[in-house]
Amino acid sequence: MTPETPRAGDGRAPDVFTPGGFVPMTGFPEREPVDFAIVGAGAGGATLAAKLAEAGFSVVVFDAGPFWRPLDEFASDELEQQKLYWTDPRITGGDDPIALGGNNSGRGVGGSTIHFSMISLRFRPEWFKARSRLGYAVDWPISYEEIRPYYAEAEQALKVAGPVRYPWGPLRGPYPYRPHEVNAPGLVLGRGAEKLGVKWCATPLATVSAPRGKSPPCVYRGFCNFGCSTNAKQSALVVWIPRALKAGAEVRDMAMVTRIEIDRDGLASGVHYVREGESRFQRARNVVVAGYAIETPRLLLNSACPQFPDGLANASGLVGTHLMTHASPGVWATFEEEIRWYKGPPNMAVCEHWNYADEGKDFAGGYAFMSQGPLPMAWAQTVATSRGLWGPALRQQMLRYNHTAGFAPVAETEPRPQNRVELAEETDAYGLKIPKVVFGYSGNDRALQRHSLRFMSEMLEAAGGRDLWTSTDTSHLLGTCRMGDDPRTSVVNADGRTWDIANLWICDGSLFPTSGGVNPSLTIQALACRIGERIKTLARRGELACAP
Amino acid sequence: MARGYPGYDVLAKWRTPSFDEKTREVVRRRIAQPPPRRFFTGPEQQLVEAIVARLIPQPDRAEPIPLAAMLDAFMADGRGQGYRNEAMPPLEQAWRLGLAAIEAEARTRFGRSFAEAAPEDQDAVLRAVQSGEVDRAAWRSMDPASFFREALLKITAGLYYAHPAAWSEIGFGGPASPRGYVRLGLDESDPWEAREAAP
Ligand SMILES: Cc1cc2nc3c(=O)[nH]c(=O)nc-3n(C[C@H](O)[C@H](O)[C@H](O)COP(=O)(O)OP(=O)(O)OC[C@H]3O[C@@H](n4cnc5c(N)ncnc54)[C@H](O)[C@@H]3O)c2cc1C
Ligand code: SF4
């Protein structure tokens with residue numbers, strides 16, 4: 001059986017914690033509508049699936065990719081593990097084309113959290129009201145106070161390992177698990193921060209620092225971006241999917257949703273999907289799209305029908321627009337000491353100074369930055385493409401691998417309508433139009449990145465780095481189905497419910513009105529917890545097409 | 001600095017807790033006899049051999065890392081990078097077009113094929129492609145510099161450093177499951193890590 005053969009079905013699903021094992025799973029018939037059909041089992045979809053199933057709803061989650069068993073299938077190997085990434089054809093363009101593929105999204109149950117770096121940071125409270133409190137971009141339709149309990153819930157669910165007192169933001173209690181010992185590249189950041197007089201700390205990470213159930217503590221093998229073979233990483237596959245299954249949800253792996261069906265009343269009635277080469281249809285009372293900031297708008301646009309010729313939930317014309325990324329230009333230096341940055345999670349120390357300081361900035365927005373730990377393949381590609389090195393010069397530079405350290409920011413970008421996901425004319429193996437991602441930085445985005453490069457360089461030098469050089473890159477993609485208070489300027493409301501179709505919801509990074517200067521997945525999971533709670537409340541009040 | 005790691009061999013850890021079964025299976029395939037050519041044509045393969053010998057020369061290796069064969073397998077498997085720039089054709093076409101254009105450039109410049117040109121001349125062609133200073137006709141709408149950076153160099157460099165021999169060369173710990181590491185600090189290393197040559 002290859003990973004491309006579905007494994008979940010016939011009353012069972014793979015047990016991620018047992019080699020070759022299975023756990024029982026509910027099966028729902030296709031002709032009976034389920035309460036919720038969720039498209040995508042990543043940070044947003046898997047979390048919501050667990051919450052809704054635990055609330056008593058009938059739930060089927062579809063994922064286009066495999067249901068992995070990390071213990072059996074994740075090799076300690078960069079090249080082999082490229083299998084985790086979404087590599088269906090996509091086109092990238094605009095003034096500053098974004099690298100896609102493994103750089104930003106995964107395919108498989110657990111979504112991009114299978115290969116994410118586990119950094120689990122909260123937004124700065126004021127960012128939820130960026131326009132009214134800080135004077136840039138737009139406000140979210142919810143406040144920090146509204147999402148705060150769900151941040152706490154997500155941190156508990158993931159047993160985030162972090163400091164007792166996080167040095168930035170409002171005072172709050174310790175993280176659920178103690179912080180990890182900081183590795184050498186992180187200590188370099190700490191040394192630099194202390195020289196410059198700014199705060200730093202061990203990065204709050206979603207990998208356990210002590211045993212947790214069937215997850216052993218992290219062994220610092222450093223292959224986190226290529227899947228965690230020990231299950232120390234608290235990915236959606238390890239945390240939310242087992243909870244969802246236990247509460248009676250069904251997961252359909254290797255099931256690509258191709259279109260959302262709309263009935264005569266203009267409501268969603270189910271999803272068309274392809275599994276084992278067969279076109280199938282699942283009826284549903286509600287459909288949730290949680291396919292990542294590219295696939296989510298793509299599915300809405302590809303589901304255009306006579307009632308909604310411009311795509312679903314697109315009366316505002318905003319589906320696919322306001323795409324944001326986090327810019328991550330790197331600064332690198334050679335050190336006298338041995339760094340050996342392949343050990344431990346890649347980003348063990350963080351500095352959020354410029355997310356919380358408002359003085360001394362020539363730009364709006366913020367950035368966090370972290371110590372780095374690239375493995376050889378990825379590192380060689382950075383060295384070769386950024387510096388144009390080849391021949392003996394490349395091998396020479398690579399010999400410094402164990403003496404190199406550096407920083408890269410999670411640099412906020414502005415939400416702008418012209419940055420977007422649209423459909424290209426070309427079609428993929430399913431006959432669906434492939435997505436085209438168009439992106440360019442604003443003047444503010446560039447000023448922010450220049451500031452980050454200056455500051456990080458200063459710190460790296462203060463820490464003892466020599467021969468500094470820089471690279472460019474991006475990471476997370478967000479926006480494209482922004483939430484808001486006004487149907488004219490947003491796609492969904494604060495509950496993730498689309499303005500145009502009352503039983504169509506969105507629950508993933510597409511919702512973000514602004515990107516903030518931190519990695520997004522904790523906020524995505526907190527939002528999903530909140531949306532789950534809101535759906536429960538709405539159902540109780542009789543405001544949904546179903547009740548638990 | 002950059003003193004190297006003489007005598008260090010990642011594969012010596014094969015039977016230790018740094019290698020699990022899945023990783024052994026994957027690495028075994030990587031270091032086995034390269035599979036027969038599937039993607040490049042015969043002449044293309046010769047050209048690729050000549051190009052990668054300049055991009056990543058391995059005069060120090062009795063048994064060079066079989067980069068051209070690894071490239072062929074990478075292209076034949078068709079997993080690609082998961083996206084392409086709008087100014088680039090799909091990866092397969094980009095390679096075919098790029099290789100033909102490099103060959104054409106060598107013939108215009110030196111009146112002989114790239115593979116037969118002197119190493120300095122080969123480097124001159126590659127540098128010209130890298131900076132985009134080539135006869136554009138043979139490249140059609142593809143940007144030579146982008147092809148050089150995003151396809152040719154990026155993939156080749158990645159594949160070289162995906163080979164265990166390259167891991168040993170730079171002192172990378174290599175596969176590390178289930179054992180992982182214990183000593184994480186500055187100038188710290190576990191007994192199962194590489195030792196750097198004395199200054
Ligand atoms: C290398 C890397 C490191 C990262 N590190 C961090 C980090 O340290 N901290 C952090 O907060 N974030 C990190 N991220 C980002 C984070 O992983 C993502 O932002 C987050 O997982 C996105 O959640 P999502 O729900 O939007 O989508 P995903 O988690 O990507 O889930 C989407 C799922 O939907 C499925 N899908 C899509 N379309 C369909 C369809 N039509 N039919 C069926 N299934 C479909 C996909 O297969 C996928 O499994 C990292 C990302 C990368 C690439
Ligand atoms: S370093 Fe920890 S989290 Fe990362 S892959 Fe290894 S065990 Fe998993």
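The structure is a predicted model, in which local features need pLDDT of at least 70 and side-chain atom pairs count only at pLDDT 80 or more. Residues are numbered from 1 along each chain, and chains are lettered from A and ligands numbered from 1 in the order in which they are written.

Around ligand 2 there are 13 residues, each with a heavy atom within 4 Å. Cys218(A), Arg221(A), Gly222(A), Cys224(A) and Cys228(A) come nearest. The shell comprises 9 nonpolar, 3 polar and 1 charged residues, with Cys counted as nonpolar, Arg as charged and Gly as polar.

In chain A, the axes of helix 1 (residues 43–54) and helix 12 (residues 521–540) come within 8 Å and cross at roughly 35°; axes are lines fitted to C-alpha atoms over the stretch in contact, with angles from 0 to 180 degrees between N-to-C directions. The crossing is right-handed, the near helix being turned clockwise from the far one by less than a right angle. Contacts (heavy atoms within 4.5 Å) involve residues including Ala43(A) and Leu48(A) of helix 1 and Ala528(A) and Ile535(A) of helix 12. The contact residues divide into 8 nonpolar, 4 polar and 2 charged.

Chain B contains 7 helices and 1 strand, these being DSSP runs of at least four residues (H or I) and at least two (E), respectively. Their order along the sequence is α-α-α-β-α-α-α-α. The C-alpha atoms of chain B fill a box of roughly 55 × 35 × 30 Å along the principal axes.

Most residues other than glycine have a negative phi, and most peptide bonds are trans. Ala313(A), in the loop between helix 7 (292–302) and strand 11 (324–327) of chain A, has a positive phi near 60°. A cis peptide bond with omega of about 10° joins Ser177(B) and Pro178(B); Pro178(B) lies in the segment after helix 7 (164–170) of chain B.

Definitions and conventions. Heavy atoms only, no water.
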